[in-house]
Amino acid sequence: MVEPDDLAAVERALGSDWLTGGPEVEAFERDLAAYCGVSFAVAVSNGTAALHAMMAGSGIGPGDEVVVPAITFVSTANAVLFEDATPVICDVDEETLLIDTDAAEAASGPRTRAIVAVDYAGQPYDSAPLHALAAGRELRVLADSCQSLGATERGRRTGSIADATVFSFHAIKNVTTGEGGAVVTNDAAIATEVRRFRNHGLTLDHHERASQGTWQYEMTSLGYNYRITDFQCALGRSQLRKVDGWLRRKRELAALYDAAFASVRDVRPLKAREDVEHAHHLYVVRIPGKRRDIVYERLREQGIGTNVHFRPVHLHAYYRERFGTRAGMCPRAEAAFEEILSLPMFTAMTEADVARVVAAVEQAL
Ligand SMILES: *Cc1c(COP(=O)(O)O)cnc(C)c1O
């Protein structure tokens, strides 16, 4: 949601001397790192670029395997392919659809270098068992927290839990810059590599050269142009100040849905873990008995927009054809895919809006 103070911040940035690579980018990175409680944040052009940069910055390369849960947006796994490494898809927990540690362990082998944990729907992954597994095998834990900015697990904000974490600021995410993303980490080496990676692999960017009074620069690794503009970062900074209030509202809306569906036998909201403050990017329910598509259709007829997040990665045609993946490999994710529906969840919703959605679902059933 873009509000008047956001517009004012963007206008100020557009009237300044720096449209890109300037002080608003650094200020956004400072604010984001402080918000997450980490040392470094590097802002980039979108969440997928951030995933790519995180892979490169973590040293993932040819011959490496990276474990990725089946229920996620395709770009989580694609980012592994961008660096010529192999994503190995593993099953999820039945109740939360978050990565399952036993499945991740079974998917890990001698070539495995990292596990990507996805904070599906805005709920932080279960870090204790996953980090224990990773520590025992000297694997990195990388988080795709594109949906969970502002969420906490045992009092720790997402961004501060894994070795490195990615956020997306796409228009539909809790904090937006239109398109945008970031890598946050406490690891100085990862942060340095990500910074170079977003700027062609050059050792100094334009702003650094200006402030150090030198024209010197050198390309030391292969990078991309994954930069984000100053006016986008001005928007991101303005949004970040409001995210806690927005998340409080989303938790209220989720509680209203939960209470309403408690008495509806054929609608099962996903389980919220103990010790987490959920970011509720999505409100996902399971509708068993092959009736999910009917509910989707009926709601659509009434102008209520819903969606299915996500087709399991290994069932996409590209993955099936390239890697021979198929149904049966991740039964819990596949069963969920038949039943899940993401209901409307946005801060401007009223109690009456929630009641209307609930009534429409009940009527459809
Ligand atoms: C949104 C999202 C992405 C991709 O982010 P973009 O900014 O759209 O590139 C990746 N993973 C997850 C889980 C997401 O929700």
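The model is predicted, so local features need pLDDT of at least 70 and side-chain atom pairs count only at pLDDT 80 or more, while totals for chains, interfaces and linings use all residues. Residues are numbered from 1 along each chain as its sequence is written, and side-chain values use heavy atoms, leaving out hydrogens and water.

**The ligand and its surroundings**
- Around the ligand are 15 residues, each with a heavy atom within 4 Å of it; Gly47, Thr48, Asp144, Ser168 and Lys173 are the closest.
- A polar side-chain atom of Asp144 is 2.8 Å from a ligand nitrogen atom.
- Helix 3 (47–57) and helix 4 (74–82) each give two or more residues to the shell, and helix 3 gives the largest share, 3 residues (helices are DSSP runs of H or I, at least four residues; strands are runs of E, at least two).

**Strand 12 and its partners**
- Strand 12 (residues 283–286) is covered on both faces, with Tyr283 and Val285 buried on one side and Val284 and Arg286 on the other (buried means under 20% relative accessible area, with a 1.4 Å probe and protein chains only).
- Strand 10 (residues 268–269) runs antiparallel to strand 12, joined by 2 bridges (pairing takes at least two DSSP bridges), and Pro269 stands opposite Val285.
- Strand 13 (residues 340–343) is also antiparallel to strand 12, with 4 bridges; there, Ile340 is the bridge partner of Arg286.

Definitions and conventions
Buried means under 20% relative accessible area, exposed over 50%, partly exposed in between (1.4 Å probe, protein chains only). A polar contact is a pair of N or O atoms within 3.5 Å; within protein, one must be able to donate a hydrogen and the other to accept it, and residues adjacent in sequence count only if both atoms are side-chain atoms.
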